[in-house]
Amino acid sequence: MIHLLSTCRLLIPGCIIYIIKNDDFTIEELVPHLSYFSAIIVGPGPGSPDNPHDIGIVKDIWKVEDAHLLPIFGVCLGLQSLAVEFGARLQRLHVVKHGQVSTVHHSSSGLFAGRGPFGAVRYHSLHVVLAKEGEIEELGWVNDGEDNGRVVMAARHRTRPFWAVQYHPESVCTDLGGAEVIKNFWQLAQEWTKETGRTARPWDASSKRIFGNSWPTFIQHSPPPTPSLRTISTTVVELPGLSVTSVAELFGAMDDELPFVLLDSAAKPGRFSIVAALLSTSLQITYNVQDTFVTLKRGASLVREELGKGDVWSWLATFMRAHKAQGHSDIPFWGGLVGQLSYELGVQSIHVAMNPNVAMDERHPDINLVFVERSIVLDSTTGKVYVQSLLPDDHPWISQTVVQLTAFSCHPSSSTSTVLKATPPPVIILPDRARYISRINQAKDRLFAGDSYELCLTAKTCISIPNCSSATQTSWERYKVLRKKNPAPHSAFLRLHPSTFLSSSPERFLSYSRPPHSTCQLRPIKGTVRKAPGITRAVAEELLAGSTKEVAENLMIVDLIRHDLHGVVGEDVQVKQFCVVEEYETVWQLVSVIEGKLKESSDADDEVGWEVLRRSLPPGSMTGAPKKRSVEILQTLEDGERNLYSGVFGYWCVGGGGDWSVTIRSCFKYNHPHSAADGVTWTEEWTFGAGGAITALSDADAEWDEMTVKLQSVLNSFSTSSTH
């Protein structure tokens with residue numbers, strides 16, 4: 001819906017837009033205020049016009065008395081509602097069309113004046129059959145051949161100023177001729193207004209109180225910026241032979257009792273790796289969605305700070321505003337918050353009820369971040385190493401670290417070597433195949449009913465490793481196996497108790513550049529082919545970019561992301577790359593790139609990336625589309641919470657930039673460190689998540705196979721292997 005409004009802003013200069021949800025008012029409450037508006041757009045949405053929960057007051061809008069009449073343009077569900085209210089029959093398509101492009105033919109007049117046939121994106125499983133000689137007249141159609149025959153794509157009311165289209169004019173893959181209908185609608189609306197002598201009432205204090213701010217409105221989380229910035233102390237040395245894992249081991253990676261964070265560009269196109277040199281007093285911030293406070297931990301000190309009237313996002317924004325600093329312009333990270341945000345944090349942010357199968361007192365942190373004041377950043381492209389500190393007068397530590405790293409790069413054999421350790425046989429509990437396939441079929445039933453376009457169904461795999469001891473493999477050693485077997489551009493090792501997290505994620509979720517003029521970029525991946533003999537670029541492009549299913553999956557997420565971005569930054573959102581096959585270390589992937597920024601630079605620019613992060617969670621590539629309805633459905637199809645899986649991990653820099661990756665191809669455990677004393681044993685419990693995007697074109701057996709292939713990329717690290 002939001003990117004439809006952006007299209008309106010672009011095609012109808014000077015228009016002012018207010019968003020009203022279909023359950024904000026009753027029709028009796030809304031009708032007296034319709035005179036403030038020049039026109040209404042009934043946006044697309046999941047569901048059916050026959051379902052009161054899905055359609056709300058929209059069904060009543062079409063029947064307002066002539067005294068309150070005004071032009072209305074409906075899209076998708078809007079067309080279905082218009083047609084059904086005036087006698088059309090609602091039917092299911094024999095072959096669902098979600099994220100697919102069809103050629104629209106039309107009358108070449110009215111909505112389509114001056115246009116020939118054009119390609120348009122469709123997201124629907126329901127369609128209308130108009131009554132012969134009824135009040136609704138067909139204006140456009142597609143011919144689906146044996147699939148569905150002729151399907152109505154556009155219509156108008158014969159006497160009232162109502163027009164509607166079934167396809168999505170705002171989709172990135174709809175031809176310009178599709179978007180032009182909005183401009184033509186506005187022309188028709190103005191003509192009707194002139195003919196009837198209708199005038200809109202001037203906006204006043206009463207209307208603003210009722211309808212609030214116009215779209216878009218960006219509200220800052222924190223106070224204005226402070227006039228002075230701290231300067232970060234940095235020393236740069238060229239050490240091209242220095243390995244990331246060696247630096248990590250110098251700063252505590254091997255000690256399971258200590259907190260440690262590494263964001264690791266272990267494969268191209270990743271470039272920068274960040275190793276934190278944490279202190280015993282480094283601040284750890286945790287939060288659970290059911291709580292009204294954040295927990296602040298420094299060493300043995302534990303403090304709860306109430307959020308008051310604000311939320312955790314505002315609290316974190318205010319915290320970061322107070323710690324703004326200036327560092328070396330060549331690197332993306334100067335210090336700041338590093339850690340994880342759970343899937344359920346995103347579920348809460350879109351106002352979906354938590355999974356009822358989980359007891360609130362058994363939950364783990366949904367936000368787990370550490371504030372990094374000392375760090376080492378390694379640039380794999382130039383071989384430069386940046387040693388930096390936010391702490392005042394910390395030059396001795398920087399100098400000592402530079403000497404230590406330089407000496408180590410010259411004599412790497414002095415590093416602590418990894419000793420091969422025995423690993424007890426793990427007990428692996430995979431998802432039940434029959435249950436997973438049953439839920440794929442249930443998901444497809446919801447797709448065919450029009451409740452969603454795409455559902456990213458996932459399942460949990462658990463690994464239990466009994467009889468662990470000081471002689472068995474540590475979590476850091478396990479990470480190095482994962483890094484070797486499945487190198488990825490967004491790898492990570494984060495040990496922030498109570499969680500230990502290992503990742504070989506290939507997918508960046510969101511990056512935002514430093515202000516001013518901050519640009520937000522999202523890079524969704526939908527479509528993967530593993531490298532193998534004979535799988536050339538040409539073959540990969542045929543399998544991915546040449547696949548209707550793969551492109552449709554990617555397109556649906558691209559349109560969803562555009563919706564999320566438009567909701568924060570307004571109309572300046574662009575698809576920089578659509579469904580391009582990119583080469584990675586072990587796979588070929590179908591990747592799109594979407595960017596957005598505020599139209600004008602302001603104080604809000606400092607937090608636009610953080611706000612996009614808040615408004616974009618959970619990641620659309622892990623939910624499906626439309627997001628909120630898809631998450632609601634997934635809550636009924638999955639047995640428990642996803643926790644860290646399907647969330648994001650990354651950083652928010654004190655300079656205002658940030659970079660967050662999607663938590664996939666990852667595993668984690670929740671437990672406190674155990675004694676490493678001789679003779680003491682314990683059991684490790686690791687959790688994996690994997691799944692896939694279920695669409696109307698999905699084959700259940702193929703989806704199961706895809707899910708198990710994804711699992712293997714991480715499961716392989718739990719076999720006994722030597723590491724280097």
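Modeller: A residue is buried if its relative accessible area is under 20%, exposed if over 50%, and partly exposed in between (1.4 Å probe, protein chains only). Helices are DSSP runs of H or I with at least four residues, strands are runs of E with at least two, and both are numbered from the N terminus. Residues are numbered from 1 along each chain as its sequence is written, and side-chain values use heavy atoms, with hydrogens and water left out. The model is predicted: local features need pLDDT of at least 70, side-chain atom pairs count only at pLDDT 80 or more, and totals for chains, interfaces and linings use all residues.

Take helix α1, residues 2-11. Of its 10 residues, 8 are buried, so the helix is largely enclosed by the rest of the structure. Those buried residues are I2, H3, L4, L5, S6, T7, C8 and L11.

What does α1 cross? Its partner is helix α15, residues 548-569. Axes are lines fitted to C-alpha atoms, for helices over the stretch in contact, and angles run from 0 to 180 degrees between N-to-C directions. The axes of α1 and α15 come within 7 Å and cross at roughly 65°. That makes the two helices roughly perpendicular. Here is the angle scale: under 35 degrees is roughly parallel, over 145 roughly antiparallel, 65 to 115 roughly perpendicular, and the rest oblique.

The crossing of α1 and α15 is left-handed. In a left-handed crossing the near helix is turned anticlockwise from the far one by less than a right angle; clockwise is right-handed. On the α1 side, I2, H3 and S6 make the contact, and on the α15 side D559, R562, H563, H566 and G567 do. Contact means heavy atoms within 4.5 Å. By class, this contact has 1 nonpolar, 5 polar and 2 charged residues. Ala, Val, Leu, Ile, Met, Phe, Trp, Tyr, Cys and Pro count as nonpolar; Asp, Glu, Lys and Arg count as charged; the others, Gly among them, count as polar. An α-helix has 3.6 residues a turn, so residues three or four places apart point the same way.

Now follow α15 onward. Its axis comes within 9 Å of the axis of α16, and the two cross at roughly 135°. That makes α15 oblique to α16. This crossing is right-handed. D564, L565, G567, V568 and V569 in α15 meet V608, E611, V612, R615 and S616 in α16. The classes here are 5 nonpolar, 2 polar and 3 charged. G567 of α15 also takes part in the contact with α1.

How buried is helix α16, residues 608-616? Of its 9 residues, 7 are buried, so it too is largely enclosed by the rest of the structure. Among the buried ones are W610 and L613. V608, E611, V612 and S616 are buried as well.

S349 touches R614 and L617, leaving out residues up to four places away in sequence. Its side chain reaches the backbone oxygen of L617 at 3.4 Å. A polar contact is a pair of N or O atoms within 3.5 Å; within protein, one must be able to donate a hydrogen and the other to accept it, and residues adjacent in sequence count only if both atoms are side-chain atoms. At 18% relative accessibility, S349 counts as buried. H351 sits in the loop between α10 and β17 (367-372). H351 counts as exposed, at 66%. Its phi is positive, about 60°, although H351 is not a glycine.

A last stop is Q521, in strand β25 (residues 520-522). Q521 is buried, at 15% relative accessible area. Its side chain makes a polar contact with the side chain of E595, at 2.9 Å. Beyond its neighbours within four places in sequence, Q521 is in contact with residues including F509, L510, V593 and I594. The loop between β24 (508-512) and β25 holds P516. The peptide bond from P515 to P516 is cis, with omega near 0°.
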